[in-house]
Amino acid sequence: MTLQSMTGFARVEGTSGRYRWAWELRSVNGKGLDIRSRLPQGQEYLETDLRRLVGERLARGNLQVGLSLSVSENRVEAVLNHDALNAVLALRDQLGPDVLDPAPLRLDTLLSIRGLVDMREAVDDEDAVTRRDADILAGLGEAVTALATMRETEGAALRAILEDQITRIETLALQIEADPSRSPEEIARRLEAQLAGLMDTTSGLDRDRLHQEIALIATKADLREEIDRLKAHVTAARELLSVGGPVGRKLDFLAQEFNRESNTICSKSNAVAVTAAGIELKVVIDQFREQVQNLE
């Protein structure tokens with residue numbers, strides 16, 4: 001599966017019979033899939049199909065979906081008020097030929113009678129409405145596909161950036177791991193020097209107790225677990241990128257774990273080089289998390 005960004009835009013328009021329609025879709029970052037639709041009055045019944053079509057292709061993002069619908073050909077039809085006509089004919093019969101001209105009623109006469117004939121916009125039959133709605137929903141499917149394609153293109157670019165950042169995190173972790181200050185010999189030498197300074201300047205200290213305390217400090221200062229966890233998180237992040245799909249939340253969780261390990265490394269560090277690498281590691285992880293926020 002491919003990665004998708006959560007930002008994108010698509011517009012698809014077309015015609016169906018005497019109607020012209022256009023879909024516009026805009027997508028930005030979001031915690032889940034939030035769809036806000038704007039449909040013309042009378043077309044609200046398309047909402048269910050709209051949400052189904054979007055949900056089939058997209059998993060996350062705040063979406064604004066708008067449909068515009070207009071009539072390209074106005075048709076007018078004459079609607080006869082049969083009750084009014086029957087009343088007119090009944091009155092004609094009642095008055096009889098002695099009062100009224102017995103000639104058949106002319107069309108212009110009928111049209112002049114108020115309320116007898118109503119001129120209004122023609123209403124499409126059920127089949128025409130069904131065809132129109134099918135065309136409109138097919139257009140929505142095209143728009144969703146176009147939006148997903150744009151998001152996938154941006155997702156591919158994000159993937160390249162994230163892979164570079166993961167490689168940089170791995171490089172810094174290895175740099176910290178290989179730093180000479182982490183070797184047991186160097187740790188022992190530094191602690192022995194600190195112990196000797198304390199013994200020379202301070203009297204009445206329990207040497208055995210000092211050795212125990214320094215051994216405890218040395219154990220707490222060891223970065224082995226943090227480095228191993230960083231390596232494991234790097235492997236997990238690469239696997240998620242290779243699998244693809246909606247992995248943004250999982251990568252965001254890994255970014256938090258990356259950050260936790262880098263904070264611990266900086267707090268435990270007792271060497272300038274390790275501290276500098278730890279700070280740079282925090283910067284890269286922060287950049288990684290910013291980019292992850294854009295992923296579906």
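Reader: Which residues does Glu-226 touch, not counting residues up to four places away in sequence?

Author: Contact here means heavy atoms within 4.5 Å. By that rule, Glu-226 touches Glu-261, Thr-264, Ile-265 and Lys-268. This is a predicted model, where local features need pLDDT of at least 70, side-chain atom pairs count only at pLDDT 80 or more, and totals for chains, interfaces and linings use all residues. Residues are numbered from 1 along each chain as its sequence is written, and side-chain values use heavy atoms, with hydrogens and water left out.

Reader: Is Glu-226 buried or exposed?

Author: Buried means under 20% relative accessible area, exposed over 50%, and partly exposed in between (1.4 Å probe, protein chains only). Glu-226 has a relative accessible area of 4%, so it is buried. Its place is in helix 7 (residues 224-243); helices are DSSP runs of H or I, at least four residues, numbered from the N terminus.

Reader: And which class does Gly-141 fall into?

Author: Gly-141 is partly exposed, because its relative accessibility is 23%. This glycine belongs to helix 4 (residues 126-178). Gly-141 and Leu-53 lie 88 residues apart in sequence, with 6.4 Å from C-alpha to C-alpha.

Reader: At roughly what angle do the axes of helix 8 and helix 9 cross?

Author: Axes are lines fitted to C-alpha atoms, for helices over the stretch in contact, and angles run from 0 to 180 degrees between N-to-C directions. Helix 8 (residues 248-268) and helix 9 (residues 272-292) have axes that come within 9 Å and cross at roughly 165 degrees. Angles over 145 degrees count as roughly antiparallel, so helix 8 and helix 9 are roughly antiparallel to each other.

Key: Helix = DSSP H or I, 4+ residues; strand = E, 2+ residues; numbered from the N terminus. Parallel < 35°, antiparallel > 145°, perpendicular 65-115°, else oblique.
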